[in-house]
Amino acid sequence: MVTPSQPDPRPEEETVRYVIEDQVAWVYFNRPDKRNCMSPKLNRQMKRVIEELEFRDDVAVLVLTGEGAAWSAGMDLLEYFRMNEDKGLGAIRQAQREAYGWWERLRWYEKPTIAMVNGWCFGGGYGPLFACDLAFCADDAQFGLSEINWAILPGGGASKVAAELLNFRDAMYHAMMGENLSGPEAAAKGLVNESVPAGELKARVTEVAQKLAKKDGHALRATKWAIRRVREMTYDNAEDYLIRAQEALNDFGGWATRKEATKQFLDQKTFKPGLGAFDKSKLKQD
Ligand code: COA
């Protein structure tokens, strides 16, 4: 006999878990039994967790990943859709704001973010996927805009993400056909940076995160925000925005940082910007 799905009894604070190791915060969607689909409880908890991590001195990079076999199976059809639709428009809007709110926070996060896609990634999952600055996946991960398969459109930003990251024909095919892409296919089409064998995924993401952790955090923030902002600007507006952004960066210790980096290259000849980052530990000692 088939048992209909029931609401998840897991307490709100357990829907997300995180560990901090060597300046990297590993944040897990933590509803593996439900393939990490996003319920209102998870959305509220995720916002709390990422906001708590954002300004901690012991965190330089945030990695978003999933517990178990899924990254995230998208929105929770029971707790996000059906239960709120039964309650009415107010509940629907509140649930949307809770979900969209943390994705927006993540799109403009102060620190570099990496999606480590370990398994299923569907529909609403494309919101946080795009919100992360970089994305790496396991070869056996599966990406899908499954919405068409249950007769809705890819909402919650998912259509926008497909149109942003894929070329026009691929975005159309992906959204209209409801067929999944494997990890290597997702990488070839630009949904993620790289796809690697599952057993190598954490090591590769750790390597990238550690490299980022060694760079100047203020410059990284200005850089990632610049890349997101200029996508929607004319060339002239982008040029002007970048002047202003660099000048704002100068107020975050930018002059001293740049002076030190330039000294290490021109005077001390201890590094070459073309081959790696300057030693920022020297900056703290001065
Ligand atoms: N919403 C609500 N519940 C979900 C869910 C979702 N998006 N994705 C998975 N679940 C639940 C299942 O209902 C099941 O719950 P139960 O144990 O109470 O029956 C549990 O998670 C395990 O899912 P199951 O389908 O048995 O796992 P699977 O490994 O065989 O298949 C998927 C995994 C991801 C292919 C399948 O769960 C699926 O298609 N999910 C929906 C994906 C989707 O369309 N998301 C887009 C939403 S916008």
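How do the residues of the lining of the largest pocket divide into nonpolar, polar and charged? They divide into 15 nonpolar, 10 polar and 8 charged. Here Ala, Val, Leu, Ile, Met, Phe, Trp, Tyr, Cys and Pro count as nonpolar, Asp, Glu, Lys and Arg as charged, and the others, Gly among them, as polar.

A word on the source. This is a predicted model, where local features need pLDDT of at least 70, side-chain atom pairs count only at pLDDT 80 or more, and totals for chains, interfaces and linings use all residues. Residues are numbered from 1 along each chain as its sequence is written, and side-chain values use heavy atoms, with hydrogens and water left out.

Back to that pocket. Its volume is about 710 Å³. A pocket is an open set of points on a 1 Å grid over the protein atoms alone, where a 1.4 Å probe fits, with protein on both sides within 12 Å along at least five of seven lines; lining residues have an atom within 4 Å of a point. The volume is the space filled by probe spheres set on the points, which are joined across faces, edges and corners. The lining counts 33 residues, and closest to the centre are Met 75, Asp 76, Leu 77, Phe 81 and Trp 150. Helix α2 gives the largest share, 8 residues. Helices are DSSP runs of H or I with at least four residues, strands are E runs of at least two, and numbering starts at the N terminus.

Now the ligand. Lys 34 puts a polar side-chain atom 2.7 Å from a ligand oxygen. For Arg 35, the distance from a polar side-chain atom to a ligand oxygen is 2.9 Å. Ala 73 uses its backbone: a polar atom there is 2.8 Å from a ligand nitrogen.

Four strands form an open sheet in the order β4-β6-β8-β9, with mixed pairing. Strands pair if DSSP finds at least two bridges between them. Strands β4 (70-72) and β9 (181-182) stand at the edges with a single partner each, so one side of each has no neighbour in the sheet. Strand β8 (residues 142-144) pairs with β9 in the antiparallel sense, over 2 bridges. There, Phe 143 stands opposite Leu 181.

Definitions and conventions:
Polar contact = N/O pair within 3.5 Å; in protein donor to acceptor, adjacent residues only side chain to side chain.
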